[in-house]
Amino acid sequence: MSSWLGDDIEPCNEAEGEARLVELWLRTFGPGTVTDIKWWLGSTLTAVRRALVGLQAVEVDLDGQIGYVLPDDMESVDPVEPWAALLPPLDPTTMGWFERDWYLGPYKELLFDTSGNAGPTAWWDGQIVGSWVQSETGEVILQLIKDIGAEGMASLEHEAARLSDWLDGKRVLPKFPSSLAKMLIQVD
């Protein structure tokens, strides 16, 4: 491990390891629900709840659901400017939560396979708004499932051109293409 991480990993017991992983998840993806954390951790509700108690996680309201944050993460944050991103299949941003309606809407069947694996996604302003594939020549092609207006479309088109240039004709084929990506591939 030290050759990979630059340091040895300090051994710990199972409960300490789970608590550390839950803390890292909350720092990266929080706030989130017990269901989100359990799904990501691949553990039990008991383990997640034990870790949350040990971390002194704070309950917060997530549009009527109970969510959790770390005690030092209670400050309000300033809104960010709208942003665009094209993410690959299984990207941690897409896969970080089990309960995805807040950034996915009703489009789960179009963007995730039946096992919960995400295909390539197009994001605008914190929400998944479509997918992308590459043509035979390697050009990135967008397929949007929401109207995001002219600014959003221009931003995603810019990202598609940037990614096409960066890939320089090399095709990256997803192992887990979503239903929407499969439709795009058939059209191409």
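Me: At what angle do helix α2 and helix α4 pack?
Reply: The model discussed here is predicted. Helix α2 covers residues 14-29 and helix α4 covers residues 45-54, with their axes 9 Å apart. Angles of 65 to 115 degrees count as roughly perpendicular, and α2 and α4 are therefore roughly perpendicular to each other. The packing angle is about 75°.

Me: How many aromatic pairs does a search of the whole structure find, and what is the angle between the planes of Trp25 and Phe29?
Reply: The search finds two aromatic pairs. Trp25 and Phe29 form a tilted pair, 5.7 Å centre to centre. Both residues lie in helix α2, four residues apart, about one turn of the helix.

Me: Is Phe29 buried or exposed?
Reply: Buried means under 20% relative accessible area. Phe29 has a relative accessible area of 11%, so the residue is buried.

Me: Where does Trp123 lie, the residue that forms an aromatic pair with Trp83?
Reply: Trp83 and Trp123 form a stacked pair, 6.1 Å centre to centre, with 20° between the planes. The pair links distant parts of the chain, 40 residues apart. Trp83 is in the loop between β2 and β3, whereas Trp123 is in strand β4.

Note on methods
Residues numbered from 1 in each chain as written. Predicted model: local features only at pLDDT ≥ 70, side-chain atom pairs only at ≥ 80, totals over all residues. Heavy atoms only, no water. Axes fitted to C-alpha atoms, helices over the stretch in contact; angles between N-to-C directions. Helix = DSSP H or I, 4+ residues; strand = E, 2+ residues; numbered from the N terminus. Parallel < 35°, antiparallel > 145°, perpendicular 65-115°, else oblique. Phe/Tyr/Trp six-rings, centres within 6.5 Å; stacked < 30°, edge-to-face > 60°. Buried < 20%, exposed > 50% of the residue type's maximum accessible area, 1.4 Å probe, protein only.
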